[in-house]
Amino acid sequence: MVSRKYWGEIKDPVYGYVYITEAEREIIDSFVFQRLRRIRQLAGAEYVYPGANHTRFEHSIGVLHLAGLLTSNPQLSEIISEDEAQMVRIAALLHDVGHGPFSHVFEHLLTKFLNKTHEDIAVWVIQDSDLRDIISDLGYDPNVIAKLAVGSLNRPKMNFVDQIIRSAVDVDKLDFVVRDTYHTGAEYGHVDIFRLIQTLDVLDGSLAVNIGSLSALESFILARIESFRSIYFHRVARAVQIMLTTAMEKAKDGLGLVDFRSPEEYLALDDYTVWAMLKSCRDSQEIIKRLERRRLIKCAYDPPPFYIKDKI
């Protein structure tokens, strides 16, 4: 079957060679996925860590890779078919296609003015954009892939399939912990994500961590806590994010940032296009001018990050 046929490899700075199938190559080469090259993973963090310019594109490739490792571990490979494993890999690849410009910075606008999240948008994009035909031609149901990509397939006694992509210890979180620390250089301890991946099992239909990997799990949890303090909620990164959010709110009506009516209109928005729009808009250009000169707002109070529930 063409969808599971090996095509080639992508060299990833974190994992080395990531091997992909022909089906995955077709999706990667689509406009929807290529757009992720223009969506930064950590908008604002580059003002603190100059190397933090990685994008949702390479993160999604990494999540694909980890999903492949997890579905082929000794425990899961016995209960999931090769075709199901390929479906999980495709869903993992597409889990972030709903992100807007500057990633979670744009999420504020989606939530405040449309009552949507990037996951809602991801389902919409997969079901109604060109991806629908690509996925159908590969022999998969776009509606199933869309739900699985956001961890909401909800198959009876198969919660673990959703949990591979969305749970407390999913391939998305495992990748961004190691990838974000790699690109920022903010190393705060080794996390053996491969130990977790190789020992994850299924108990009563849900993913379970083997007690032998407890130390790896603890390291992962501590790394996530520290990543909030050192990267995601660093006061300088937050200053940039707040300024970008304010600029987009001021300009949203004039630029129609939340007026998109089709996936194509939404997908036309990325870091490059929106930055140029904000720079030329009278309502937001002063903020962009300050960002270009690194004249940032100052921190008056820096609360402990442990009380902040939302994930960057």
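Author: Gladly! Let us begin with Ser 103, which lies in the loop between helix 4 (82–93) and helix 5 (104–114). Helices are DSSP runs of H or I with at least four residues, numbered from the N terminus. This is a predicted model, where local features need pLDDT of at least 70 and side-chain atom pairs count only at pLDDT 80 or more, while totals for chains, interfaces and linings use all residues. Residues are numbered from 1 along each chain as its sequence is written, and side-chain values use heavy atoms, with hydrogens and water left out.

Reader: Why is Ser 103 called buried?

Author: Buried means under 20% relative accessible area, with over 50% exposed and partly exposed in between (1.4 Å probe, protein chains only). Ser 103 has a relative accessible area of 1%, so it is buried.

Reader: What makes a polar contact between the side chains of Ser 103 and Arg 56?

Author: A polar contact is a pair of N or O atoms within 3.5 Å; within protein, one must be able to donate a hydrogen and the other to accept it, and residues adjacent in sequence count only if both atoms are side-chain atoms. For the side chains of Ser 103 and Arg 56 the value is 2.9 Å. Leaving aside neighbours within four places in sequence, Ser 103 is also in contact (heavy atoms within 4.5 Å) with residues including Ile 39, Arg 40 and Gln 41.

Reader: Which residues of helix 5 are buried?

Author: They are His 104, Val 105, Phe 106, Glu 107, Leu 109 and Leu 110. Their cover includes helix 3 (56–71), helix 6 (118–128), helix 13 (235–255) and helix 14 (263–267).

Reader: Why is helix 13 called roughly antiparallel to helix 16?

Author: Helix 13 and helix 16 (residues 285–292) pack at an angle of about 155 degrees, with axes 9 Å apart. Angles under 35 degrees count as roughly parallel, over 145 as roughly antiparallel, 65 to 115 as roughly perpendicular and the rest as oblique. The angle therefore makes helix 13 roughly antiparallel to helix 16. Axes are lines fitted to C-alpha atoms, for helices over the stretch in contact, and angles run from 0 to 180 degrees between N-to-C directions.

Reader: And why is helix 10 called oblique to helix 12?

Author: Helix 10 (residues 171–184) and helix 12 (residues 214–232) pack at about 45 degrees, with their axes 10 Å apart. That angle makes helix 10 oblique to helix 12.

Definitions and conventions: Helix = DSSP H or I, 4+ residues; strand = E, 2+ residues; numbered from the N terminus.
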